[in-house]
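Please prepare a briefing on the model shown here.

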Amino acid sequence: MVSIRNFSIIAHIDHGKSTLADRMIQLTGLADDRTFRDQILDSMDIERERGITIKSQAITLPYRSKDGNIYYLNLIDTPGHVDFSYEVSRALASCEGVLLLVDAAQGVQAQTVANLYLAMEHDLEVIPVINKIDLPAADVEGVMEQIETELGLDPFTSILCSAKEGTGVEDIMEAIVRRIPPPKGDAGKPLSALIFDAQYDAFRGTVAHCRIFDGTIKPGQTVRFMHNNTIYRIEEVGRFSLVREKKDKLEAGDVGYLLAGIKNVSDVSVGDTITDNDRPCDKPLPGFKEAKPVVFASIYPIASDDYEELAVALEKYKLNDASFTYQKDSSVALGQGFRCGFLGLLHLDIVQERLEREYDLSIILSVPSVRYRFTLKSGETIYIENPAHYPDPVNIAKCEEPHIRATMMFPERYLGAVMKLCIARRGENSRINYPSPGRAELQFELPLSSVIYDFYDNLKSLTQGYGSFDYDIIDYRESDLVLLDILVNGEKVDALSQIVHRKQARERALIACERLKEEIPRQMFKIAIQGAVGGEIIARSTISPFRKDVTAKCYGGDITRKRKLLEKQKKGKKRMKMVGSVSIPQSAFVAVLKSDQD
Amino acid sequence: MNDITKNLPGLYIHIPFCVSKCPYCNFYSITDQSALPAWIDALRLEMTIYADEFDTFDTIYLGGGTPSTLSPKALSSIIDDLYRTFSMADNGEFTMEANPGDMNDDVLSFIRDTPINRVNLGVQSFDDDILAYLGRRHDSKKARQALSLLRKKGGAHIGIDLIYGVPAQSMESWMTTLEEALRYKPEHLSCYELTVETDTPLGQRLGSRSEELVGEEQAYSFFMTTSERLEEAGYIHYEVSNFALREELRSRHNMKYWNHTPYLGLGPSAHSLKGNRRWWNFSSLERYIDDLRQNLLPVEDSETLDEEDLRLERIFLGLRTKEGIDGNEFSSFDPVQTGLLRQCMADGLLERRDNRIIPTRRGLALADQLAAAL
C-alpha cells in the first residue's frame, strides 16, 4: 500500500489535462510512441472535440521513482461539468491528492475553482501545476500570484511544466510520489469499496470501477452492493493498464475494476459501496446519492422510418450511461419518440450529439422541462414532466415546481450583474460570502426550470468566464404555472408546448414566435405562428409567402443543373418536419429550445 | 402537328460566335471568327457521326451565340450539310435566332430562300437606356427597322425576345416595350426576367450589390402584368417565359426540352437527350474542333436518368408549362404531399383539368417553389 498513490487532475477545459495525462503514460513506458494514440484517456470523439470528459477513466501508471522504488500511480480522470459534479465527487473520494492544472497564459479559471473546492472538501493534497510555460504569452509570475490570492494555495509548491514538450513531467511524477500520501486502510478488515464509475463491455457486461478502502476482493467472492442491495459473485478483478489487466485480487488502497456478470450499467450505482456478503462492513461509505434525472425532453426521429433505429440507438447508449432514462412517447406533430431524462442540459447536449454522430440519426428534441407537481381538486398528487400530460386546468388545486439552491463563485466585481440575473430568473433568499479577498460566493434559491435553459451560459458570459455554478435541489414550491402552446397555421405543435410561469408566458411565447419566424423558411403559403395559453392567443408572428420564385430560362443545358439543385433542396426538406403543410426545419425546434429568456 | 411528328426528335445547332458579348449572357460564344471555317468542317464531321443514330427531325433550331452574325454563305453551307445528313419532317419547324442589328436585305432574302420558317429576334427592349445597360449592340430604332423588314420580306413567323426586371427599369418602361412589341403582332413572344448569373460580367459587376436588382414583389408584378396583358392581347401563356398567338405557334422545339422528347445538340456546349441518356459537348471551340479532327466526339460528360430522375424532371418541367403534369404522377404521393397538393389547388396555384395538374398564372410564378415542395 505504501507504493500506491491515487490522484486526479483538475483543470479547466483546454488547459492541457489530456496532454499531460498522455505524457505521463508515455513516461512510464506503458505505451511506446508507436502504439501511442494521442490523448488516450479521452477516447470518445465528443470528449476530444469539446475537451470535456464525460465519464471517469482510470489508469494505473507503474513508475520507478528517483528513490529507486516502483510506485503504482492510479490516475482517475474526472468529468468537468456541473451536470456531472456528483460523478466528480465520487472520483475525488477515491483519491488522496489532485494535480491542479493551470494554463500559464490563461490563468486560474472558474471551473478550476469549483473543482478545487470539491477536492478540499475531501481533504485532498493539492499540487498546483502551471502548464504551457512554453507559450510566448505565458505569465508564470502572474499565475503564481493568482494561485496565492484566488486559490489560497502556496504558490511556491507549484510545478512548472509544458506537457506538450514534456518538460517538468518527471517533476510532477516525483511530487505525486513524495507529496500525495499513500492510501490508508486495512486489507484485513471487512471489504468496503467505492464504485466511482461503470462502463459497458459488449462481451463481459458491466465493468465496475472501484477504489478499495478496506479489505480484499477476489474472484469467487460473493459481494453485496449495499445501496442497491444486490448480490453478485466476482468473476474477475484487475487494474487499468492501457487495457484491463487481470489480477488475483485487489486490496485496500487499490484502484481497479471488477466483473461480476452484471448485465446492465444501470444495475450499478455510482457511489455505491461494495462489501463482502458474509462479512459485511459496519456501514456504507458516505456521500451516496441516487443520480436522478432532473431535466426531461422528448427525442423524435426526423424521418418516422428511423424510429426503430432510434430505439436501438437509445438502448445501446443507455448501456453505458446509467443516469440517462427513457420511455416511449408520441407527439401529434412529430410522431413516435421517446421521453428522456437527463442530469442537466450538458448531459442532454451530449446525448443528442452522440445519437447524431455515432448512430447517424437526425433527431428533434422537444423543449426541456423539469418535473412539476400538481395537486388536483380530487386530492390526488401527480408529477408531470411532459407538457403533453398537463392536467386540465379546471382540475388543478395547486401547482408546484422544484427549486434549487444555487451556489455561484466569481470575482466580486461581477456581483451586481449576477444578482440581477438571478432576480430575473425568479431567484430569492440570497446570501453572500467572501471566502477570499475579491472573491464572492453567492447563494440563491431559484426555480430549477429557470436555470435549465441557458443560465450557466449567461453566468459565464456575465463574469467573463470566471463564474462557477453548482446546485442542489432543495424542495418543491408553489408556483403559478400555465401551459403555453405554439400553433403553426392553427395546428398545435405539441413538441413546442411548454409549462411556464404565468408571468413569463407572454415573453416566452413572443420569443418562440420570433425564433420560429426566423428559422422557418418562407414557403408558398402564408404561415401564421401563434402562442396560446388556454384558448387565448398571447403572441403571434407571420411569415409572408413567396410570390415569385421561378427560373426564367430552362432549356437543354439548364435542365440537369436545375434537377441537381432540386435534389439538393429535397434532401434538405427531408430534414424538416411537416406540420400541416408547413416544413419546419430542425433548427427551428432547436432555436425555441435555446430560448434566451433575457 | 400530329402525334408522329410530335415524338420526332429536334435538332439544335449551337453557333458559338457573337459580334460582341452581352454582359448578362452566360451562353458559350466567342467574338473571334477566325476559326469559323474549321468549325463548319468540324460540325459537318459531328453530323456524320450522329447520322446513324438520328434520321428525321421535326424541328431545327439555330441558336447560339448569334447565328445572324454568320454570312448567308456560311449559314447556307451549314444548312446544306444538315439536309445532306438528316431529313426534316413535312411541316417541320425551322428556327433561327437573330440580332436586330444583323437584319439587312441579304440576310432577309437568305431567310426567305431557305426552309427557315421562324425567326427569333433578340430585341430585349425598345428602351435605349435599358438596351445600353444590357450592353446590346443595337438600339430601339434598329429593332423597329428589323421587325418591319422581317415582317415585309422574311416570309417567316416572328418571335420576339424581351427582358424585364433590369435594374432601374420601371413598370412604365417595360409596359411601353411590351405594347410596342405587340404592334408587330409577333407569332411568339419570350419575356424573360433578367437573371444575374455570377459567372457573367454583370454578375461580377453587381457582386453583392444585388439590391440594385428588382425585388421579389416587383418581379412578381412584372410577371403577372405581363401575363395578364398578353393573354388579353390573345396570347397563350404556355410556359413561364413564353407566349404564343395560337397553340400551333408555340415553339415546338423548346417543348421537346420540356417533355423529354429526344433532341440532338450539335456544336460546342450543346446538350442532347436520347432515351434516358443526356450528354453535352465541351464549352470550348478549340476542344470541339480538335476532338472532331481526331474523329472523337467532343462530349464533356453524360448522365443516365433513372426513373426517379425522370419523374423529378417531369414534375418540375411540367410545373413550368400549361401542359402541366399527368395526374397519375401523384398517385404515389403520401398523405402529407397530397395535403400539400390540395392546399396548392385551394390556394389557386394549381388546378386540375382532365386528370392533369396544371399551374395557374400564380403557380407559374412559383414553379420552383412548387417543384421543391411536391
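The notes below go from the chains to single elements.

This is a predicted model, in which local features need pLDDT of at least 70, side-chain atom pairs count only at pLDDT 80 or more, and totals for chains, interfaces and linings use all residues. Residues are numbered from 1 along each chain as its sequence is written, while chains are lettered from A and ligands numbered from 1 in the order in which they are written.

**Chains**

- Chain A holds 13 helices and 33 strands; helices (H or I, at least four residues) and strands (E, at least two) are DSSP runs, numbered from the N terminus.
- In chain A, 47% of the 598 residues are buried, where buried is defined as 20 or more other C-beta atoms within 10 Å of the residue's own, with C-beta atoms placed from the backbone.
- Taking contacts in chain A between residues at least 6 apart in sequence, 70% join residues at least 24 apart; a contact is a pair of residues whose C-beta atoms, placed from the backbone, lie within 7 Å.
- Chain B has 15 helices and 15 strands, and 45% of its 374 residues are buried.
- In chain B, 71% of the contacts with a separation of 6 or more are between residues 24 or more positions apart.

**Contact between the chains**

- The contact involves 25 residues from chain A and 42 residues from chain B.
- On the chain B side, helix α15 (residues 367-373) gives the most, with seven residues.
- By class, that side of chain B has 23 nonpolar, nine polar and ten charged residues; Ala, Val, Leu, Ile, Met, Phe, Trp, Tyr, Cys and Pro count as nonpolar, Asp, Glu, Lys and Arg as charged, and the others, Gly among them, as polar.

**Helix pairs**

- In chain A, the axes of helix α1 (residues 17-27) and helix α6 (residues 169-179) come within 10 Å and cross at roughly 80 degrees; axes are lines fitted to C-alpha atoms, for helices over the stretch in contact, and angles run from 0 to 180 degrees between N-to-C directions.
- α1(A) is therefore roughly perpendicular to α6(A), a term used for angles of 65 to 115 degrees.
- A:R23, A:M24 and A:L27 of α1(A) make the contact with A:V169, A:E170 and A:M173 of α6(A).
- The residues of this contact of α1(A) with α6(A) are four nonpolar, no polar and two charged.
- In chain B, the axes of helix α3 (residues 72-85) and helix α4 (residues 105-113) come within 10 Å and cross at roughly 20 degrees.
- That angle makes α3(B) roughly parallel to α4(B), the term for angles under 35 degrees.
- The crossing of α3(B) and α4(B) is right-handed, meaning that the near helix is turned clockwise from the far one by less than a right angle.
- B:P72, B:L75 and B:S76 of α3(B) meet B:D106, B:V107 and B:F110 of α4(B), a contact with four nonpolar, one polar and one charged residues.

**A sheet in chain A**

- Six strands of chain A form an open sheet with mixed pairing, in the order β2-β3-β1-β4-β5-β6; two strands pair if DSSP finds at least two bridges between them.
- β2 (57-64) and β6 (159-160) of chain A stand at the edges with a single partner strand each, so one side of each has no neighbour in the sheet.
- β2(A) and strand β3 (residues 70-77) of chain A run antiparallel and are joined by eight bridges, with A:Q57 opposite A:D77 in β3(A).
- α1(A) packs on the sheet, touching β1 (4-11), β2, β3, β4 (97-103) and β5 (125-131) of chain A, and its direction makes about 150 degrees with that of β1(A).
- Helix α5 (residues 140-149) of chain A also packs on the sheet, touching β4, β5 and β6 of chain A, and the direction of α5 makes about 155 degrees with that of β5(A).

Notes:
Buried ≥ 20, exposed ≤ 12 C-beta atoms within 10 Å, placed from the backbone. Contact = placed C-beta atoms within 7 Å. Parallel < 35°, antiparallel > 145°, perpendicular 65-115°, else oblique.
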